[in-house]
Protein chains: 2
Amino acid sequence: MSDRVVVALDVGGTGMKCALVRPDGSTLHTERHPTDAGRGPDAVVDTILAVADGLAGKARADGLTPVALGVVVPGVVDEARGMAVWSANVGFRNVPLRELAWTRLGLPTAVGHDVRAGGLAEARLGAGRGAGHVLFVAIGTGIAAAHVVGGSAAVGAHGAAGEIGHILVRPGGPRCGCGRPGCLEAVASAAAIARRYAELTGAPASAAEVADRASAGEAVAGQVWREAVEALADGLATGQSLFDVEAVVLGGGLARAGARLFDPLRAAVHERMTFHREPRLVPAALGDEAGCLGAALLALDSLEK
Amino acid sequence: MSDRVVVALDVGGTGMKCALVRPDGSTLHTERHPTDAGRGPDAVVDTILAVADGLAGKARADGLTPVALGVVVPGVVDEARGMAVWSANVGFRNVPLRELAWTRLGLPTAVGHDVRAGGLAEARLGAGRGAGHVLFVAIGTGIAAAHVVGGSAAVGAHGAAGEIGHILVRPGGPRCGCGRPGCLEAVASAAAIARRYAELTGAPASAAEVADRASAGEAVAGQVWREAVEALADGLATGQSLFDVEAVVLGGGLARAGARLFDPLRAAVHERMTFHREPRLVPAALGDEAGCLGAALLALDSLEK
């Protein structure tokens with residue numbers, strides 16, 4: 001039936017991206033709401049359920065039939081049990097989101113991980129479309145990945161697959177938020193680039209500003225940018241060694257640096273390919289709606305099972 | 001029917017392990033033959049087909065019905081097309097093994113990768129039995145892995161998934177056979193351990209001898225062994241970050257070092273786990289028959305498709 005829609009929510013530390021999405025992946029309506037995580041996890045869950053209920057109500061008012069709900073959150077997510085296991089940003093600890101949503105809305109609910117959902121959407125509807133094996137890497141404050149094969153993202157045994165930000169690339173290097181030195185995230189995330197530049201110059205600058213200054217020929221910015229690109233290339237080469245994908249899709253804030261990132265990164269990845277088949281390295285196409293579209297895909301997929 | 005068997009061959013650079021295997025995974029008969037790769041790839045293919053034909057004939061003579069053939073080889077294997085794409089040890093370049101076997105034997109044939117097949121067998125019949133997500137790592141002259149989820153091994157887009165030997169662990173470190181410096185294989189394979197020990201002492205020794213001397217308190221051997229264990233732990237931690245498995249199964253020659261490997265390696269992996277769920281780290285259970293059993297499983301699986 002063409003009037004079927006799913007309700008999709010991508011819950012982040014600061015905001016929620018919400019949508020009504022048709023089975024063909026087209027978006028009918030979007031909303032954004034603050035998460036206001038400081039209120040505590042119970043209040044955030046209340047908001048999630050209220051927003052989802054409101055969207056389902058809007059769908060019905062528009063003559064549509066909401067058939068399922070998809071909610072994606074950051075952190076560790078047990079998709080099989082529909083549980084938000086652990087999330088630093090949102091404060092979740094073992095929240096049975098699927099059960100709570102079913103009780104409140106009476107809709108079958110899929111619970112997923114934000115980056116894996118974003119990767120799913122990029123692989124099926126975005127920059128990875130047509131490739132059977134895709135690695136999606138989101139580079140922002142942190143770095144995380146989703147390995148998507150045949151249209152589904154690897155979840156892992158405990159909902160923690162894809163943590164490419166925490167692979168070792170620089171032994172003895174900068175300490176990562178996770179506690180270990182030399183993780184990819186500690187060298188090549190937007191936050192790490194800003195931190196490194198401030199360390200060397202004493203002047204604060206965002207990663208985007210470092211990219212601008214590197215392009216303008218500023219030596220220190222150039223060095224910081226090169227270090228990050230080299231580390232990213234090491235991380236992506238490790239990913240390719242293990243996953244052997246056709247396409248690597250880069251998303252998140254850092255990917256907005258465009259050619260300033262992609263030109264040197266493609267060259268550095270190329271240099272590292274020996275026996276590997278070199279993957280296409282492409283920017284994400286869905287912007288910050290990837291997670292929400294992925295939530296919709298998870299909801300639609302759950303109906304087929 | 002209880003008289004059905006599959007013919008299974010694991011073709012290595014020096015020898016072929018061959019078996020008749022029942023659908024329940026039990027082995028009825030085994031044979032070993034030299035590969036004699038120096039004769040060139042055409043001669044090796046002839047031997048493979050003759051040995052397989054002989055085994056099928058033996059099965060029939062014993063009142064059994066051979067229903068499929070499984071052949072696994074090293075290198076890059078395109079399992080979907082049944083093609084041995086590239087193998088340094090055996091000299092294969094784009095050999096259409098499945099087609100050749102079908103023509104000669106009239107049996108449906110599955111072609112697979114030796115390490116992925118070994119991982120499949122360990123995950124389903126060996127040390128990983130009962131775990132849904134397993135990483136099998138074979139450490140010998142080289143290092144390679146198989147990621148097995150739900151009873152099947154990830155193949156990758158081009159048949160090259162699982163190359164954990166070629167992830168970067170020591171930037172600027174020893175040059176690997178693949179041409180890049182600092183690969184896991186260049187630091188922690190049995191060959192790398194022997195090489196490093198000879199470098200430091202001027203005296204040749206196998207990795208097993210280095211393990212013995214390290215246990216006996218020899219300082220240089222202890223240092224070389226520790227360096228290898230630390231690098232392996234870094235590699236396994238990277239694997240766990242990306243795959244999130246329940247069990248890591250170690251096979252290959254180096255795993256025979258037993259507690260001398262597993263005790264320090266478990267401690268070193270444990271130290272590297274931050275947000276991760278720590279995997280069980282266990283020795284392979286099927287010895288050098290894992291690849292051949294995996295070939296049998298691939299043949300059986302192909303019948304179900």
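Which residue of chain B forms a salt bridge with Arg180(A), and how far apart are the closest N and O atoms? The partner is Glu271(B), with the closest N and O atoms 3.9 Å apart. The cut-off for a salt bridge is 4 Å, so this pair counts as one. The model is predicted.

**Symmetry**

Two copies of a chain are related by a rotation about an axis and a shift along it.

**Interface**

Contacts link 32 residues of chain A with 32 residues of chain B. The size of an interface is often given as the accessible area lost when the parts come together. Between chain A and chain B, the buried area is about 3100 Å². Carbon and sulfur atoms give 65% of that area.

The count of salt bridges between chain A and chain B is two. The pair Arg180(A) and Glu271(B) forms a salt bridge across the two chains. Which elements give two or more residues to the side of chain A that touches chain B? They are α7 (219-243) and α8 (259-272) of chain A. α7(A) gives the most, with five residues. By class, this side of chain A has 14 nonpolar, nine polar and nine charged residues.

**Salt bridges**

Side chains of opposite charge can pair when their charged atoms come close. Over all chains, the count comes to 28 salt bridges. Within chain A, Arg196(A) and Glu199(A) meet in a salt bridge, at 3.1 Å from N to O. Why are these two residues separated by about one helical turn? Because Arg196(A) and Glu199(A) are three residues apart in helix α5 (residues 190-201) of chain A.

| Salt bridge | N to O distance |
|---|---|
| Arg180(A) – Glu271(B) | 3.9 Å |
| Arg196(A) – Glu199(A) | 3.1 Å |

**Sheets**

Strands of a sheet pair through backbone hydrogen bonds, either parallel or antiparallel. In chain A, five strands form an open sheet, ordered β11-β10-β9-β12-β13, with mixed pairing. Its edge strands are β11 (152-153) and β13 (280-283) of chain A, each pairing on one side only. Strands β9 (residues 133-139) and β10 (residues 143-149) of chain A run antiparallel and are joined by seven bridges. Across that pairing, Ala138(A) stands opposite Ala144(A) in β10(A).

Chain B has an open sheet of five strands in the order β11-β10-β9-β12-β13, and the pairing is mixed. The edges are β11 (152-153) and β13 (280-283) of chain B, which each pair on one side only. In which sense do β9 and β12 of chain B pair, parallel or antiparallel? Strand β9 (residues 133-139) and strand β12 (residues 247-251) of chain B pair in the parallel sense, over five bridges. Val134(B) has Ala247(B) as its bridge partner in β12(B).

Methods:
Residues numbered from 1 in each chain as written. Chains lettered and ligands numbered in written order. Predicted model: local features only at pLDDT ≥ 70, side-chain atom pairs only at ≥ 80, totals over all residues. Heavy atoms only, no water. Contact = heavy atoms within 4.5 Å. Buried area = accessible area lost by both parts, 1.4 Å probe. Salt bridge = Lys/Arg side-chain N within 4 Å of Asp/Glu carboxyl O. Helix = DSSP H or I, 4+ residues; strand = E, 2+ residues; numbered from the N terminus. Nonpolar A, V, L, I, M, F, W, Y, C, P; charged D, E, K, R; others polar. Pairing = 2+ DSSP bridges.
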